[in-house]
Amino acid sequence: MFPNSAPSPLSDLSNLSVVDTSVINRDVFGFFSDNSRSGARSMGTLDGTQTYRDSVSSSDTVDYYRFRTGTAYNSDRLNLSLSNLTGDVDVTLYDKNDNFVMSSSRIGTNEEGINVSNLNLGQDYYIKVSRYSGDSSYTLSASTGDYARFSNLLNLENDLGTLSVNQTKTGYLSNSNSADNYSFYVGSTRTVSVSLTGLSNDADLRLIRDTNANGIVDDGEELIRTTTGGTSNESFSLEGITSGRYIAQVSQYSGSTAYTLSLNSLSGAGYALENNNTLATAADIGGAGRSGNLVGSRSYEGWVSGNSNFYLDRDDFQRFTIGTSSDFTATLTGLTGDADLQVIRDANYNGIVDAGEVIGVSASGSTLSESINLSNLSAGTYYLQVSAYASNSSHYTLNFSANAINKFDTASIGDASGDGSSSSVFRDGALKVDFDFAGTANITNVRLEARRDGVLVNTLGTWDGGSDRRNAIVNLDNYSSTMTAGTYEMQLIARDSSGTEYLASTRTIDIIDWTRTNGDLTSNAWTLDSAVGSGAVYLGRGGTDILNLGVSRSEVVGFNGNSLTGYNPLYSTYSQALFGGTSFDFISLADGREIYVQGIEQLQFSDGTSFNLSVSTNDTAFGQQWNLHVSDVDSAWRFTRGSSGVLLSSIDTGVLGPVGSGRGVHDMTSGRLITDATDDDNYGGNGHGHMSISVMSGAANNGSGIAGINWNSNVYVNDVYGGVNLRQAVLDSIAYARANNQRVVFQGGIQGEAWLNSGGTQAELEALIANNSDIAFFAVAAGNGNLNMSDTTTNPGLSGGVARLQGTHRNVMAVGALTYTGLETVNGLTNATSVDRASYSNYGAGLTLMAATDSIAVNAFGVQQNFNGTSCANPNMAGIASLVWSVNRYLSGDQLRQVMTDTAMDLGTTGRDDLFGHGLVNADAAVRRAVAMDRNYDVANLRNGRNVFA
């Protein structure tokens, strides 16, 4: 934006065709929808199987889901199915950088499936469910981990119909297609033979019957598997396959390979021969996925025979483990001949059933059901033995369950802030609750009780059902009137369907009283009062702020969980305390006090020494850059100095001087500038665009000139005064950002009404802004006419123009200019002692936020000069916005503006007013809010809007 003394010309601009850009609708800020990547429904760390039911329609065309891979064995494999479709719906997998990984787009209502391996461990991925045609409900299932060794999801990729003799299929397995399913039907009892040949790498084979037709391989539904290894053929033959639908599944073990699958069906009788005839070969049927601890009830079908002339398979052994003392029950039903049941504990681990190791027996005779009940069975590994009596043969169904005596397998309660002290929490803070069960079949609800001296104070939360919980958040602010400072006994209590209650171990939690001290945009200095209780919160806000801890340096036990020795401000924010909707540095003192600080640039100690926390540079004018210090940019630099994932776009006069003009590029990293042949920065005497870019992103820490706000992001330079029109500049920048998977922050050095129609109609410009709100943010100068933002006629060349669109587009910000009216030097840094709205800066209901003007900039001749106008405030704002987006790219442009307004420093009349908007932007507070939302959205958003501590 130009100073009020400079005219604002508009070049003749050609019309361009409208680009149709995909619109992503957003919910009101603070509530994520699942219609965009940034609002993806969180699946947490995917370990096992998760299922979601939802729908897409013409008004809700996409749903996003986000999951994180674990670090356990096979967590790099993903199996995904999309089923129960009534329309044509597709599914796509992206990595955390929005790079395409794999998709499935079968025609019509055919089920979709993705099976991939070699995903990155411990990283986020995104699932996009897309409507192609027709409205449709859907069921989305996804699994990783031990479930994924073979895919436990049965999307029907290949339907072979009724299996006939010698059906042969060919296929190919790789990291991007790690499993294929072949569904077939048999109409009567058959013998089914399957073989897998032609392998160049290791692949495996199994047969499944999806008894409950839920598309998931549940316990007892795998009939047989073969895992020979290497490139050897895999094959099996099963007798007595009864009528119904079956799935032959081919799975990658390692590498890529073509294969030939042959299937054969002949008349047969009996039941399949299982390889579980000894203790050593016992099938593991304990936990979910037939492994791990037995949790709740399980069912298994099998066949035993003592008739050697038919199919000798006298004994079946099944192995299970219980992790805690439990009541155990096993029943054998559906017998067609005489079979018996035993429970065994191989106490000496010799693989032989010795005397005294049979701990339960049922031998009723004939086809009567068998039953064993064992109370308070201790933790350990056990075996179930099903045996044919004499020469009898029998099919059987084995049902068994283990119910933990105390129900809870694990239960934990602690501070959700992440400040390293889980047993103490600030009053009005939050608790994190985790629990799971050894047996959950009849649990109806779980509640958390808080007692003090044995007396119930509050029930802090109730969770229905017996499902495990991870990271459940309890907001203590809801109980502030009763949960005063003190020591509480916290306990989780489970209730079953009969009304019986089971108590987890008690956890002692200290609730800490705390005091809050707020600074302002000037330099503030405080001394921690020794009389302060266990907790204190200091919000320095703008300026160079100093906190004297009143203790020696040796009494500082930890700063963000580390010692002060070796402190480096560029690597000091890995750990933060999340509280009040934002993130804090946390200081632990030897006397037990916990201090949360934000916007504090220096710590002092009782011996008179000091310790600088903020980032400083060696640029010669750094100390005089009041714009950085008043908005705490040097504190925000601790979190980020800008990133390659964010693009800055200068909508101004350009940066390159015309040949022979004597102008050049100074105090900038040329490799970060993206320019074109139309750029000559030929408007104005000293290079208006050059100075804007200097403030926003000038080279930092290079021993000369000034430090720009963003040190790393590239700058797309647009000369809208002598090169491209405004609409083309916006189109070009957005196209570049999307091609490079970036967010883009525009600094709009433009004022006046004419810009609304530069290169097209105002409606086309607004559509461009709205359609790209997911990745684009516009910081536009409010104008230098000392006009109300709503006034478009008094002086249309100096009015708000594009900035006024902030009223209808939440990714646009109208930036006013704030100037200093008094200065002082603190620790070698220029600080404001008082400020005011610049006399020329536009105002009114359309004003969003203020940023510093009168900043030192380097002009096109390499000379430092004072840069003023809303022209200067605007690149200050854009640079700060780019830092916020650099720490949390999941924010949309709308949400980015909300973060910056929520954390601004109030000026003038309390609350928003027409002279200062929401106040002065605070880089450190805005970055910290974005960090908190990224690290733990649930905890961060216990506070929203102006209720955020900032």
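These are my notebook entries on one predicted protein model.

**Ground rules.** I number residues from 1 along each chain as its sequence is written.

**Whole chain.** I looked up the secondary structure and found nine helices and 56 strands (DSSP runs numbered from the N terminus: helices are H or I with at least four residues, strands E with at least two). The C-alpha trace spans about 105 × 70 × 45 Å along its principal axes. Of the 950 residues, 57% are buried (under 20% relative accessible area; exposed is over 50%, partly exposed in between, with a 1.4 Å probe and protein chains only).

**Helix α3.** I checked residues 688-697 and found ten of ten buried. Among them are H688, M691 and M696.

**Helices α6 and α8.** I compared α6 (residues 870-887) with α8 (residues 923-935): they pack at about 20°, with axes 8 Å apart (axes are lines fitted to C-alpha atoms over the stretch in contact, and angles run from 0 to 180 degrees between N-to-C directions). That makes α6 roughly parallel to α8 (angles under 35 degrees count as such; over 145 is roughly antiparallel, 65 to 115 roughly perpendicular and the rest oblique).

**V361.** I located V361 in strand β24, residues 358-362. V361 is exposed, with a relative accessible area of 53%.

Key. Predicted model: local features only at pLDDT ≥ 70, side-chain atom pairs only at ≥ 80, totals over all residues. Heavy atoms only, no water.
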